[in-house]
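Me: Hi! I have a new model open and would like to talk it through. Could you help me find my way around?

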Amino acid sequence: MNWIKRLLKVLGVISLACLFFLLLVYKNNIPYEAIEQKYSTPESHFVEVDGINVHVRIKGRGEPIILLHGSFSSLHTWNDWQNELSPFFLTVSLDFPGHGLTGPDLEKRYSVRDYAILVTRLAEKLNLDKFHLAGNSMGGAVALQIASNRPDQVLSLNLIDAAGTPLEASALPKGSSSPKKRWMNRMADNPFFTQILLKCTPKFLFSMNMKEVYAEPDKLTKEQVDRYYELMLRAGNRQATLERLATPADAKIDFGRLDMPTLILWGEEDTWIPVSRAYLLEKLIPGSKLKILKNAGHLPMEEIPTESVAEYLNFLGVEVRKDYFEPPKLISYVD
């Protein structure tokens, strides 16, 4: 019977260790007021759209560009891009429901189709009849859906390491693979872990997650990790994230309707959505322009903001100056 006692002792020690670990990573929700004070900016606005108080950042003037962030992210991913684009364009970024300062949607409208409808309604609220669209990752899938739904409204399309390409193996180029399933998605598939994630969200997992999406992890700053982590802890966002991950994308994209000028930007070292998908998008959207970005992973806007936004500005017809003492020269907007 001694072996039973030893086994029970070992199990007791393991249980205590697990309990201690959970206590270490236990995190309460951060009240909205504290998050709003830290992460809103003078350009922040809150626009009511179909019962959702959407956090929007508006900078610049000119033809509008709507910037759409990816899963687990926020409008802050566009910080550098908005600074560079706003001298030439009116830039509008937003936090999707379940993200950032927008927070959860009581009606749980978290599909790609839902987000596309929300962006279109937001544009109506802001009196934007036509606009350029740029989207990263999940935001790229939303941009594709909007362009498919309303090609008459989309002046141009910029897809940055975008989700939303067909998953059928027959449609993929030789050697392609499916997008990598993130640790949060994998854990969300397990009901036991979903309950743990609602209260115990280890910060080191966010750091690991961020390092995966950078080609050069040394470029990742503590401030960036803190921002992603703290915005996830915004009251209601963790529950919304789990509900969103369980929601079908419900995307129905007609690539034949995408006749607007299209730029596809892709990090050469993207391990989440492989570069083979960029070539597939290029085939699916006739006339599109593809640029593979070296030394970049899944988030070129954050990892190499200067190089990536320069490609976008050139696409839009803005000459990027090599000599910053020379006045900017506006060539033309894209047709």
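Reply: Happy to! One term to begin with: helices (H or I, at least four residues) and strands (E, at least two) are DSSP runs, numbered from the N terminus. Also keep in mind that this is a predicted model.

Me: Good. Then where does Asn127 lie?

Reply: Asn127 is in the loop that links helix 4 and strand 5. Its phi is positive, about 60°, although Asn127 is not a glycine.

Me: OK. Is Asn127 buried or exposed?

Reply: Asn127 counts as exposed, at 64% relative accessibility.

Me: And what about the phi of Lys108?

Reply: Lys108 also isn't a glycine, and its phi is positive at about 60°. You'll find Lys108 in the loop between strand 4 (90–94) and helix 4 (112–125). Lys108 is partly exposed, with a relative accessible area of 48%.

Me: How is strand 7 joined to strand 8?

Reply: Strand 7 (residues 262–267) and strand 8 run parallel, joined by five bridges.

Me: Which residues of helix 11 are buried?

Reply: In helix 11 (residues 276–284), those are Ser276, Arg277, Ala278, Leu280 and Leu281. These buried residues pack against helix 5, strand 6, strand 7 and strand 8.

Me: And helix 10, how many of its residues are buried?

Reply: Seven of the nine residues in helix 10 (residues 237–245) are buried, which leaves that helix mostly covered. Among the buried ones are Arg238, Glu243 and Arg244, along with Ala240 and Leu242.

Me: I also noticed a proline in the sheet. Where is the place of Pro64?

Reply: Pro64 sits in strand 3. Pro64 is buried, with a relative accessible area of 9%.

Me: What is Pro64 in contact with, leaving aside its neighbours within four places in sequence?

Reply: Pro64 is in contact with Leu90, Leu128, Lys130, Phe131 and His132. The C-alpha atoms of Pro64 and Val92 are separated by 7.1 Å, with the two residues 28 apart along the chain.

Me: Last topic: at what angle do helix 2 and helix 9 pack?

Reply: Helix 2 (residues 32–39) and helix 9 (residues 222–232) pack at about 150°, and their axes are 10 Å apart. That angle makes helix 2 roughly antiparallel to helix 9, since angles over 145 degrees count that way. Their crossing is left-handed.

Me: Which residues make the contact?

Reply: Helix 2 contributes Ile35, Lys38 and Tyr39, while helix 9 brings Asp226, Arg227, Glu230 and Leu231. By type, the contact of helix 2 with helix 9 has three nonpolar residues, no polar ones and four charged.

Me: Great, thanks!

Terms used:
Residues numbered from 1 in each chain as written. Predicted model: local features only at pLDDT ≥ 70, side-chain atom pairs only at ≥ 80, totals over all residues. Heavy atoms only, no water. Pairing = 2+ DSSP bridges. Buried < 20%, exposed > 50% of the residue type's maximum accessible area, 1.4 Å probe, protein only. Contact = heavy atoms within 4.5 Å. Axes fitted to C-alpha atoms, helices over the stretch in contact; angles between N-to-C directions. Parallel < 35°, antiparallel > 145°, perpendicular 65-115°, else oblique. Left-handed = near helix turned anticlockwise from the far one by under 90°. Nonpolar A, V, L, I, M, F, W, Y, C, P; charged D, E, K, R; others polar.
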